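Me: I've got a structure open and I'd like to learn how to read its contacts. Can you walk me through it?

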Amino acid sequence: MSAETSSGDGRASVPWLVVLACAYLGLLALVAALAGAIATPDDLTSDLRSRLLPPLGFGGTWAHPLGTDELGRDMLARVILSVRTSLFVALVGTIIGAVLGTTLGMVAAWSGGFVDDAVMMLVDVQASLPFIILALAAIALMGSGLGLFIVVVGLFGWERYARIARGMTLAAREDGYAAATAHLGGGPWRISVQHILPNILGTLVVTLTINFPETMLLETSLSFLGLGIQPPNTSLGTMLGDGRTYLLTAWWIAVVPGVIISLAALSTSLLGDWLRDRLDPNLRR
Amino acid sequence: MPPLLDVTGLSKVFRLRGPNPFHRRRLTAVAAVDLVLAPGETLGVVGESGCGKSTLGRLIVGDLAPSAGTVRLARRPVSAMTRKERARLVQPIVQDPRATLDPRWRIGALLAEPLVIHGQRNGSADRVREALASVRLPPDIADRLPHQISGGQAQRLAIARALLPEPRLLVCDEALSALDAAVQADIVHLLRRVQAERDTAMLFISHDLDLVRHLSHRVAVMYLGRIVEIGPVDRIGTRQSHPYTRALIGAAPRIDPHRRRTKRATLEGETPSPIDPPPGCAFQTRCPLAIDRCRIQVPPPVRVGPGQIVHCHLAEPAGRDHPPLHRLAGD
Ligand SMILES: Nc1ncnc2c1ncn2[C@@H]1O[C@H](COP(=O)(O)OP(=O)(O)OP(=O)(O)O)[C@@H](O)[C@H]1O
Ligand SMILES: [Mg+2]
């Protein structure tokens, strides 16, 4: 992948895999944005007479292209609403983590001393504890509202951004353009926002694209365990959870959301790799 | 005229991480340096690698906090100034100017940045054009990115940028070392013109003795963090000079018919470590003239000629006959 894009004139041609990935993510985003218009919770009324109908091509009908679930709800409508929920949670969660981590990392780098030590200790604690256990504890203690759930998901992975932002801020401060701006009279704010941030953005975006699928999977796992999105809301994770018991009899209940999640994770990684090559100024000659 | 730069008792001690975490070794990079610099004056700073030249420069531009002593610019301690005040008094020029240019910013924006920082946004486009013209860079270079200009252009650009806050002192640390001879001559010419036009003082740190001689009014010679000699450029390396200065200048290849007869002082042995400097005179372990006192007592400054100060026990104050330095040197 990276060899293909970084060799010479990567400017003109975008690798077709990246195009595919973008198309897929764009489609998901479109579905999420229009979900309210395409499907409503009314489409999720259960109809026990049409339980566990297979998707089109496996003996299903156009009435339910992706089949129905164990309660006879239309899988397509459910998938659409789930994509919206899952993408929303993962996106907001990832952004919370990225902003929080980057800010903490930069603050740590600029302040040094006690603040730096404290932030780095938090980073180490976060990195050394299995996050899902922490999330379980937090949700068990404080309830399972959507807001809290998003915050919990957002706390996932912040330490990566913090580490990267701190390290790169320290490195950039040490010599070069950040020092030059300081000599000219520019303060930490100008140096961080105008110089360091744009230069480390590429790395942060790559981290973000690595984190995004993981955040999605975290949402999925927590919902799968029944601690995330609660009925009547539905997410790809709750669908997976519901489908687990029917894997042998009605595989599509779990496989459809599973495939959507996996492809989303793969696409984000592909896009991230490509973006990193594009955003690195040293490759942009 | 009051000095523009006034450095007194300046020291910098670095604490090193060693094998023993409870006992950090102390490295004295700059020790008890005194110097003054008048507006429009150029002071060359020479000395072998690791003697503390860059550290001295970084202390003066405020990159490092002194362990002892003060740096005053226009009579005010640098440590008490705001960043912007300091920027309007002193600017560094470094060896690798490209590293000081944000690779994502266009040249025009980089030049406008000091103006924006100092709240002079109005007419900044004109000032940027003037700045480019003043270092003889074509105006269309403003649209380029830093990696699209040459090394010499980058150094001109760095100088133009450093001059925009209208500093009164430039600290040039090996500023010309990375450039080839023709570009070097070009930048020397540029610095001279800037100095003549604006009365800017310069601290010119360099390994290149000929360049320093060419550009400086006065020269300071450093050894193990100390200034062992400071004086007018034409008196450096004369018979009243510090033994180290003479060795340093003798070590540099020069064609000089008068020197052929005199015994050339050459340096023997290794430079002692700044972590564990010798007692007394820093140079005593290698000095061919060292006497007992040199091993015990740090030599005081001695004024050996007009404006020339040497830190040596053997130096005789100006005006005496037969300074012993000459006798012992075997002249
Ligand atoms: N940040 C630092 N931490 C620890 N020691 C340092 C640091 N900076 C410099 N030193 C040490 O201080 C001494 C002086 O270094 P400095 O860079 O000032 O030398 P210099 O005269 O500029 O040498 P050169 O001619 O090679 O540039 C050296 O022994 C160096 O190892
Ligand atoms: Mg140096």
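Reply: Happy to. Keep in mind that this is a predicted model. Let's begin at the ligand: a polar side-chain atom of Lys53(B) sits 2.7 Å from an oxygen atom of ligand 1. Ser54(B) also has a polar side-chain atom by an oxygen atom of ligand 1, at 2.6 Å.

Me: How much of ligand 1 does the protein bury?

Reply: Taken alone, ligand 1 exposes 630 Å², and the protein buries 65% of that.

Me: Which residues around ligand 1 come nearest?

Reply: There are 13 residues around it, and the nearest are Ser49(B), Gly50(B), Lys53(B), Ser54(B) and Thr55(B). Sorted by class, the shell has six nonpolar, six polar and one charged residues.

Me: Which elements of chain B supply at least two residues of that shell?

Reply: β1 (5-16), β2 (25-37) and α1 (53-61) each do. α1(B) gives the most, with three residues.

Me: On to salt bridges. What's the general idea, and how many does the structure hold over all chains?

Reply: Side chains of opposite charge can pair when their charged atoms come close. Over all chains, the structure holds 17 salt bridges. Take Asp69(A) and Arg78(A), whose side chains meet at 2.9 Å, N to O.

Me: Are Asp69(A) and Arg78(A) buried or exposed?

Reply: The cut-off for buried is under 20% relative accessible area. Asp69(A) has 0%, so it is buried, and Arg78(A) is buried too, at 2%. They also belong to a network of salt bridges that links Asp69(A), Arg73(A), Arg78(A) and Asp242(A).

Me: And in chain B, what does the salt bridge between Arg218(B) and Glu41(B) look like?

Reply: Their side chains meet at 2.6 Å, N to O. Arg218(B) is in strand β9 (residues 218-223) and Glu41(B) is in the loop between β2 and β3 (42-46), so the pair ties together parts of chain B that are 177 residues apart in sequence. Arg218(B) and Glu41(B) are both buried.

Another one to look up is Glu48(B) with Arg286(B), at 3.3 Å, N to O. This pair links distant parts of the chain, 238 residues apart: Glu48(B) is in the loop between β3 and α1, and Arg286(B) is in the loop between α8 (243-251) and β11 (301-305). Arg286(B) counts as buried, with 10% relative accessibility.

Me: Last topic, the aromatics. How do I describe a pair, and how many are there over all chains?

Reply: A pair of aromatic rings is described by the distance of the centres and the angle of the planes. A search of the whole structure turns up five aromatic pairs over all chains. For Phe131(A) and Phe156(A), the ring centres are 5.2 Å apart and the planes are at 55°, so the pair is tilted. Phe131(A) is in helix α5 (residues 131-142) of chain A and Phe156(A) in the loop between α6 (146-154) and α7 (158-174), 25 residues apart. Phe131(A) is buried at 11% relative accessibility, and Phe156(A) is buried at 17%.

Me: What kind of pair do Tyr244(B) and Phe283(B) make?

Reply: Their centres are 5.3 Å apart with the planes at 65°, so that pair is edge-to-face. Tyr244(B) lies in helix α8 and Phe283(B) in the loop between α8 and β11 of chain B, 39 residues apart.

Definitions and conventions: Residues are numbered from 1 along each chain as its sequence is written. Chains are lettered from A and ligands numbered from 1 in the order in which they are written. This is a predicted model: local features need pLDDT of at least 70, side-chain atom pairs count only at pLDDT 80 or more; totals for chains, interfaces and linings use all residues. Side-chain values use heavy atoms; hydrogens and water are left out. A residue is near a molecule or strand if one of its heavy atoms lies within 4 Å of it. A polar contact is a pair of N or O atoms within 3.5 Å; within protein, one must be able to donate a hydrogen and the other to accept it, and residues adjacent in sequence count only if both atoms are side-chain atoms. Accessible areas come from the Shrake-Rupley method with a 1.4 Å probe; for residues, only the protein chains shown count as cover. Helices (H or I, at least four residues) and strands (E, at least two) are DSSP runs, numbered from the N terminus. Ala, Val, Leu, Ile, Met, Phe, Trp, Tyr, Cys and Pro count as nonpolar, Asp, Glu, Lys and Arg as charged, and the others, Gly among them, as polar. A salt bridge is a side-chain nitrogen of Lys or Arg within 4 Å of a carboxyl oxygen of Asp or Glu. Buried means under 20% relative accessible area, exposed over 50%, partly exposed in between (1.4 Å probe, protein chains only). Rings of Phe, Tyr and Trp (its six-membered ring) pair if their centres lie within 6.5 Å; planes under 30 degrees apart count as stacked, over 60 as edge-to-face and the rest as tilted.
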